[in-house]
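Me: I would like to learn how to read a structure like this one. Could we go through a few features in turn?

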Amino acid sequence: MTLSLDDLLGTADAALRTLFAKPHATRAVPQPAGPGVELSQAERREAGALMRVNHVGEVCAQALYTAQAVVTRDPKLRAHFDEAAREETDHLAWTQQRLEQLGARPSALNPLWYLGAFGLGLVAGRLGDPWSLGFVAETERQVEAHLDGHLDRLPAGDTASRAVVNQMKLDEARHAAQAWSAGAQELPAPAKALMRLAARVMTTVAHRI
């Protein structure tokens with residue numbers, strides 16, 4: 001499949017906005033149910049590292065959805081991917097804001113993460129729409145489990161980060177359900193295992209860098 005000039009310009013614009021522009025959410029940042037407590041330096045470092053990992057996940061989500069949208073030939077499915085990317089922009093903005101509040105920085109490897117995720121999105125898209133949707137569904141399922149783990153690891157007093165992660169978890173579960181409703185194909189077990197391995201590498205590195 002040959003991409004049009006509009007597609008190439010659009011994907012380049014999406015990459016530049018994700019990596020270098022300040023994201024703007026369409027929804028207000030989730031508010032905690034109760035007041036937080038002053039975090040120790042160690043707690044701030046750990047919360048910042050975990051939110052950096054989550055921010056990387058949202059950078060990758062932008063790349064995946066952008067790639068899958070540009071490859072599909074189904075206008076309705078392209079609109080679905082575009083809408084999901086817009087929702088993920090909220091997550092990108094929320095996690096970036098929380099990083100700033102915690103005095104933490106985004107991953108220095110974000111361009112690399114974006115490039116790798118974009119490549120995976122292209123491969124998934126070229127396999128056909130059912131497999132592309134299956135990739136979305138499995139990705140979101142794994143992300144939801146990953147966010148559950150972060151809720152266990154975030155300091156109990158960091159109610160602001162926990163509110164963001166909780167809302168992200170709800171949104172990812174909805175995206176997975178939408179993918180199944182749109183005709184997702186269940187991925188084979190080896191593909192799921194490779195995705196878990198790649199995610200483990202990314203989260204381990206992004207936690208530090």
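Me: Which residues is K192 in contact with, leaving aside its neighbours within four places in sequence?
Reply: This is a predicted model, and what follows should be read as such. With those sequence neighbours left out, the contacts of K192 are E138, Q142, E186 and L187.

Me: Where does K192 lie, and is K192 buried or exposed?
Reply: K192 belongs to helix α7, which covers residues 189-206. The cut-off for buried is under 20% relative accessible area. K192 has 17%, so K192 counts as buried.

Me: How many helices and strands does the protein have?
Reply: There are seven helices and zero strands. Read from the N terminus, the order of elements is α-α-α-α-α-α-α.

Me: What does the radius of gyration say about the overall form?
Reply: The value is compared with that of a compact globule of equal residue count, which for 209 residues would be near 17 Å. The protein has 17 Å, so the two agree. The C-alpha trace spans about 55 × 35 × 30 Å along the principal axes.

Me: How far apart are the mean positions of the positive and negative charges?
Reply: They are 4 Å apart, for 22 positive and 24 negative charges.

Me: What share of the contacts joins residues 24 or more positions apart?
Reply: Among contacts with a separation of 6 or more, such residues account for 87%. H150 sits in helix α5, residues 129-153, and, leaving aside neighbours within four places, is in contact with L50, V53 and N54. The relative accessible area of H150 is 4%, so this residue is buried.

Me: Which residues does G125 touch, not counting those up to four places away in sequence?
Reply: G125, in helix α4, touches V71 and S132. A distance between C-alpha atoms is another way to look at the surroundings: those of G125 and A67 are separated by 7.5 Å, although the two residues are 58 apart along the chain. G125 is buried, at 9% relative accessible area.

Me: How is a pair of aromatic rings described?
Reply: Two values are used, the distance of the centres and the angle of the planes. The structure holds two aromatic pairs. In one, the ring centres of Y65 and F81 are 6.1 Å apart and the planes stand at 40 degrees, so the pair is tilted. This pair links distant parts of the chain, 16 residues apart, with Y65 in helix α2 (residues 41-71) and F81 in helix α3 (residues 75-102). Y65 is buried at 5% relative accessible area, and F81 is buried at 0%.

Me: Which arrangement do Y114 and F118 have?
Reply: Y114 and F118 are stacked, with 6.4 Å centre to centre and 15 degrees between the planes. Both lie in helix α4 (residues 110-126), four residues apart, which is about one turn of the helix. Y114 and F118 are both buried.

Technical notes
Residues numbered from 1 in each chain as written. Predicted model: local features only at pLDDT ≥ 70, side-chain atom pairs only at ≥ 80, totals over all residues. Heavy atoms only, no water. Helix = DSSP H or I, 4+ residues; strand = E, 2+ residues; numbered from the N terminus. Rg over C-alpha atoms; globule rule 2.2 N^0.38 Å. Contact = heavy atoms within 4.5 Å. Lys, Arg positive; Asp, Glu negative; His and termini not counted. Charge placed at Lys NZ, Arg CZ, Asp CG, Glu CD. Phe/Tyr/Trp six-rings, centres within 6.5 Å; stacked < 30°, edge-to-face > 60°. Buried < 20%, exposed > 50% of the residue type's maximum accessible area, 1.4 Å probe, protein only.
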